[in-house]
Amino acid sequence: MKTGLVLSGGGARGAAHIGAIKALEENGIYPTHIAGTSAGAIVGALYAQGVGWAEILNFFKTIPIFNTNRFAYNKPGFIDSVKFYDDLKTFFPVDDFNTLKKPLFITATNVIDGTLKIFSKGQLIKPIIASASFPGVFTPTKINDSFYIDGGTLNNFPVEPLKKDCDQIIGVYVNPLKKISIKDLKHSYSVVERAFKIKSSSESILKFSDCNLVIYPEDLINYGTFDMNSIDAIFNLGYNATIEILRNYKNLTVR
């Protein structure tokens, strides 16, 4: 039985993916194939490498994203994405998809020609970094002769690569659309940001029907993309939401 796990983007809210993995394993569910975008690409890659949930959680809690040593100079972004290479190299000493213990699919967006790229072979670390390069904050990542940014720009819930190989698919979506009022849209850029979030959310939710089970912790609306001080609370939300849905859903095949 091949079980796919699709992990959405969501920044710091990606810690909920780790809680979901812990809960799945406690219930005897061990995904065999992984697809991820942005934060989901980071968690998914570490999990595909065989890194345990506790170590993945510690990585999320200790990675110094906004350290001054990571600032970008003369590049389009505040944080230089390539400076995260060594952090990931610790976990991936051989920089190649083929060394992973589980098949992995990572999405990233070509910022020049506007196309989606699904990485599943060849060099591994730069695609992970590219997929998580939030536009405007992190610099685009150069891979071969192309430049890539956050995979969530075009596909924030990449279930597609799993459909052909997996007998069942579990989705974890950690980017719920927060309810707002017109008073919250005070500037032109906030309207643009809202439009982007609406588009991403609606496209992702349409693909929930491709999954046998979707974990969607709606309380994550209370946490922001860069809310790095709330990792434990976000992790617990993912864990508890998964435990709750598994308690009421008995149609998944466990190992």
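The cover over the buried residues of helix α8 includes α1 (15-26), α3 (53-62) and β8 (213-215), where contact means heavy atoms within 4.5 Å. The model is predicted, so local features need pLDDT of at least 70 and side-chain atom pairs pLDDT 80 or more, while totals for chains, interfaces and linings use all residues. Residues are numbered from 1 along each chain as its sequence is written, and side-chain values use heavy atoms, without hydrogens and water. Helices (H or I, at least four residues) and strands (E, at least two) are DSSP runs numbered from the N terminus.

Helix α8 itself covers residues 231-247. Its 17 residues should span 24 Å at 1.5 Å a residue, and the end C-alpha atoms are 24 Å apart, which agrees; the expected span is 1.5 Å times one less than the number of residues. Among the buried residues of α8 are Ile 231, Phe 235, Tyr 239 and Leu 246; buried means under 20% relative accessible area, exposed over 50%, and partly exposed in between, with a 1.4 Å probe and protein chains only.

Two residues stand out for their backbone. Most residues other than glycine have a negative phi. Ser 38, however, has a positive phi near 55 degrees, and this residue sits in the loop between β2 (33-37) and α2. With a relative accessible area of 7%, Ser 38 is buried. Asn 144 likewise has a positive phi, near 55 degrees, and lies in the loop between β5 (141-143) and β6 (146-150). Asn 144 is exposed, its relative accessible area being 62%.
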